[in-house]
Structures are given as C-alpha cells and as structure tokens.
There are 2 protein chains.
Amino acid sequence: MKTALLLIAHGSRRAAANDELRHVAEQLRQQTEYAIVEPSFLELAEPDIPAGAARCLAQGATRVVMVPYFLSPGRHVVQDLSRAREDLARRHPEVEFRLSEPLGAHPKLIELLAELARAGSR
Amino acid sequence: MKTALLLIAHGSRRAAANDELRHVAEQLRQQTEYAIVEPSFLELAEPDIPAGAARCLAQGATRVVMVPYFLSPGRHVVQDLSRAREDLARRHPEVEFRLSEPLGAHPKLIELLAELARAGSR
C-alpha cells in the first residue's frame with residue numbers, strides 16, 4: 001500500500017497564498033513518512049483536486065488521503081470535499097480515497113495558538 | 001503584568017463557525033496559563049475587536065496579545081489586524097497590545113497535518 005497525501009486549500013487570487021500551500025506540501029514531503037504529497041485547490045488555482053489526485057496516482061499511490069488545509073471549512077466546502085472524494089473513488093475503484101479532518105478538529109491546535117501568543121510580538 | 005488573549009477570527013454568517021471560535025477561546029482558558037481569553041471577529045459577528053479588547057481590559061488585563069485564528073490571512077486581513085492593534089494602542093496607552101503570528105507560520109502545523117492524515121478516514 002503506497003499512501004499519498006493530497007493537500008487541499010481553497011485557492012486564492014493571491015499567488016503568495018497558493019505558493020504557501022505548495023511550500024506546506026514540500027515540508028510534508030520532507031518531514032513526514034509520506035513520500036508523495038501533492039497540493040491542490042478547490043478553485044481559483046491549479047491543479048484542481050482531480051488533477052492533484054492524478055499526480056498522486058502517476059507516482060504509484062494506491063491510497064490517497066485528502067487533507068484539507070482549512071481551520072474550519074464551511075458546509076459547502078465540506079460538501080465539495082466529500083463529493084470530490086466520492087467522484088475519485090468512483091473513477092478509480094482500485095484506489096482507496098480517504099478524507100481527513102480539518103485542522104480545527106486537532107486538539108493540539110490550542111497549544112499551537114498558545115505558543116504563538118507566547119512568542120507573539122509585532 | 002496581567003496578560004489576556006484576544007482571539008480574532010474573520011466571522012461568518014454561519015453561527016456554528018462563530019461558536020467554534022468561542023469554544024476555542026474556552027479551551028485556551030482551560031488548558032493554558034491565560035486566565036483571560038476573549039473571542040472577537042473582524043466582521044459578520046459580535047463582539048468586534050474593540051469590544052473584545054474592552055472585555056479583556058474590564059478583567060484587568062495590562063497586556064493584550066491579539067491571536068489571529070487564521071491559517072494564512074490575506075494582505076487585507078493583515079492590514080486590518082495591524083490597524084486594529086494601532087488603534088487600540090492609541091486609545092489605551094497604558095496597555096500593551098501585541099499581535100501574534102497566524103497559525104500557518106507555526107512549524108508544528110506540518111506535524112498536525114500528518115497526524116490528521118494518519119487518523120484520517122471518513
């Protein structure tokens with residue numbers, strides 16, 4: 001089983017925001033056990049989710065974990081992500097597609113906020 | 001020196017999203033050394049930043065760390081936050097107002113994403 005991460009952000013008209021997601025993908029590739037990590041965007045930027053998933057499959061992934069880069073996605077985003085997962089699963093029945101929880105759900109986020117506050121001065 | 005955290009989210013038309021910030025504020029209050037933690041919103045929800053700051057001061061804060069609840073705030077949000085900080089500092093010269101970095105700047109965010117991916121299945 002070769003697992004890929006498909007990182008998904010909303011997408012922005014600001015190139016810097018989209019580049020940030022690409023940078024996060026690069027860091028995930030370097031700092032975690034996941035050798036295949038691809039960025040993708042719901043809208044306004046490329047690649048979109050199917051194109052990002054295709055890049056994962058081209059590298060031999062047999063499982064793709066879709067990781068939302070959202071603190072707290074709204075209902076429409078959650079629906080879009082679920083639908084994208086179902087579409088991918090239908091088109092690639094030999095591959096397992098999962099959707100992970102958004103960052104706001106992680107209990108350690110509280111500690112990160114506190115650490116930023118402690119460091120915080122600007 | 002009595003330090004308060006003023007948590008700041010964008011604000012949403014979805015009550016659930018705004019309630020989530022209130023919940024994060026409550027968790028920060030319970031799990032960290034900060035006894036004064038107030039939520040506030042840039043727009044679309046109450047309290048706004050000055051009202052949230054006033055609640056911190058009413059509890060005796062002599063330093064307020066403004067903590068953006070944003071992964072990667074756009075330029076306009078960053079400007080709004082900086083301006084809000086300056087306005088507060090001008091109106092309350094006896095209080096120190098700081099602005100902390102957004103969550104996207106925290107190096108541990110990468111590990112949190114990987115942990116969500118490992119847990120991730122939906």
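## Briefing on a predicted model of chains A and B

B:Arg98 is partly exposed, its relative accessible area being 23%. That residue is a starting point for a structure that is a predicted model, in which B:Arg98 joins B:Glu96 through a salt bridge between their side chains, at 2.6 Å from N to O. Chain B can be laid on chain A by a rotation of 180° with 0.0 Å of shift along the axis, and the RMSD of that superposition is 0.0 Å. Between chain B and chain A, about 4,100 Å² of area is buried.

**Salt bridges**

- Over all chains, a search of the whole structure finds 16 salt bridges, and four salt bridges are counted between chain B and chain A.
- B:Glu96, the partner of B:Arg98 in one of these salt bridges, is partly exposed as well, because its relative accessible area of 26% lies between the limits of 20% for buried and 50% for exposed.
- Salt bridges with shared partners bring A:Glu33, B:Glu111 and B:Arg118 together in one network.
- In chain A, the side chain of A:Arg118 meets that of A:Glu111 in a salt bridge with an N to O distance of 3.1 Å; A:Arg118 counts as partly exposed at 39% relative accessibility, and A:Glu111 counts as partly exposed at 32%.
- A:Arg118 also forms a salt bridge with the side chain of B:Glu33, where the distance from N to O is 2.7 Å.
- This pair runs from one chain to the other: A:Arg118 belongs to helix 4 (residues 109-119) of chain A, while B:Glu33 sits in the loop between helix 1 (15-31) and strand 2 (36-41) of chain B.

**How the copies are related**

- Within chain B, B:Leu71 has the C-alpha nearest the axis, at 3.4 Å from it.
- Both copies use the same surface, since 100% of the contact residues of chain B recur in chain A.

**The contact between chain B and chain A**

- Chain B gives 43 residues to the contact, and chain A gives 43 residues.
- Of the area buried between chain B and chain A, carbon and sulfur atoms give 62%, and eight residue pairs are counted in polar contact between these chains, both residues having pLDDT 80 or more.
- On the side of chain B that touches chain A, at least two residues each are supplied by strand 1 (3-9), helix 1, strand 3 (63-68), helix 3 (75-91), strand 4 (96-99) and helix 4 (109-119) of chain B.
- Which element of chain B gives the largest share of that side? Helix 4 of chain B does, with nine residues.

**Cysteines**

- How many disulfides are there over all chains? The count comes to zero.
- Is A:Cys56 buried or exposed? A:Cys56 counts as buried because its relative accessibility is 0%, which is under the 20% limit.
- B:Cys56 is likewise buried, with a relative accessible area of 0%.

**A residue of helix 3 in chain A**

- A:His76 lies in helix 3 (residues 75-91) of chain A and counts as exposed, because its relative accessibility of 59% is over the 50% limit.
- The C-alpha atom of A:His76 is separated by 18 Å from that of A:Leu88, a residue 12 residues apart from A:His76 along the chain.

Note on methods
Residues numbered from 1 in each chain as written. Chains lettered and ligands numbered in written order. Predicted model: local features only at pLDDT ≥ 70, side-chain atom pairs only at ≥ 80, totals over all residues. Heavy atoms only, no water. Least-squares fit on C-alpha atoms with pLDDT ≥ 70 in both. Contact = heavy atoms within 4.5 Å. Disulfide = S-S within 2.5 Å. Buried < 20%, exposed > 50% of the residue type's maximum accessible area, 1.4 Å probe, protein only. Helix = DSSP H or I, 4+ residues; strand = E, 2+ residues; numbered from the N terminus. Buried area = accessible area lost by both parts, 1.4 Å probe. Polar contact = N/O pair within 3.5 Å; in protein donor to acceptor, adjacent residues only side chain to side chain.
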